[in-house]
Amino acid sequence: SGKQKNTVLLGSLPAGTFRQLSIFPGNVALSKFTDQQPLTKSSQTSDLAVDGNLTTYSWVQDRMEAERDNGSVWWRVDLGQTENIQSVKIHFFAPG
């Protein structure tokens with residue numbers, strides 16, 4: 001069994017990028033509304049983490065820099081309705 005949620009919030013993210021976030025069953029996060037604080041680089045917006053494309057990515061600002069600027073680092077997706085979430089998978093960027 002899973003948790004009933006309509007918003008998934010990720011806090012205390014590591015600096016850098018993550019390519020894709022999938023929420024199962026059925027990847028209910030695909031193409032849903034996203035937001036993050038602090039704002040992303042203009043070409044690496046939060047919505048790219050749920051576009052279904054592993055070649056695009058969302059940028060997560062350096063945590064220490066962000067906390068110095070505004071004290072909060074988070075990323076979220078609004079699922080649009082309550083969903084039964086069984087698992088969340090995050091594909092982080094791996095340079096190399």
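What share of the 96 residues in the chain is buried? In this predicted model, buried residues make up 34% of the chain. The exposed surface comes to about 5,700 Å², and carbon and sulfur atoms supply 50% of that area.

Start with the layout. The chain holds 1 helix and 6 strands. Read from the N terminus, the order is β-β-β-β-α-β-β.

Now go inside. Nonpolar side chains tend to be buried together in soluble globular proteins. Here the largest nonpolar core has 11 residues: Val8, Leu21, Ile23, Val28, Ala29, Ala49, Val50, Trp75, Val77, Leu79 and Ile85. Strand 5 gives the most, with 4 residues.

Val77 is one member of this core. Leaving out residues up to four places away in sequence, Val77 touches Asn6, Thr7, Val8, Leu21, Ile23, Ala29, Lys32, Phe33, Thr34 and Val50.

Turn to charge. Side chains of opposite charge can pair when their charged atoms come close. The count here is 1 salt bridge. The side chains of Asp35 and Arg76 form a salt bridge, at 3.2 Å from N to O. Asp35 lies in strand 3 (residues 33-37) and Arg76 in strand 5, so the pair ties together parts that are 41 residues apart in sequence. Asp35 is partly exposed, at 23% relative accessibility. Arg76 is also partly exposed, with a relative accessible area of 33%.

Note on methods:
Residues numbered from 1 in each chain as written. Predicted model: local features only at pLDDT ≥ 70, side-chain atom pairs only at ≥ 80, totals over all residues. Heavy atoms only, no water. Core = buried A, V, L, I, M, F, W, Y, C linked by side-chain atoms within 4.5 Å. Buried < 20%, exposed > 50% of the residue type's maximum accessible area, 1.4 Å probe, protein only. Helix = DSSP H or I, 4+ residues; strand = E, 2+ residues; numbered from the N terminus. Contact = heavy atoms within 4.5 Å. Areas by Shrake-Rupley, 256 points an atom, 1.4 Å probe, with all protein chains shown as cover. Salt bridge = Lys/Arg side-chain N within 4 Å of Asp/Glu carboxyl O.
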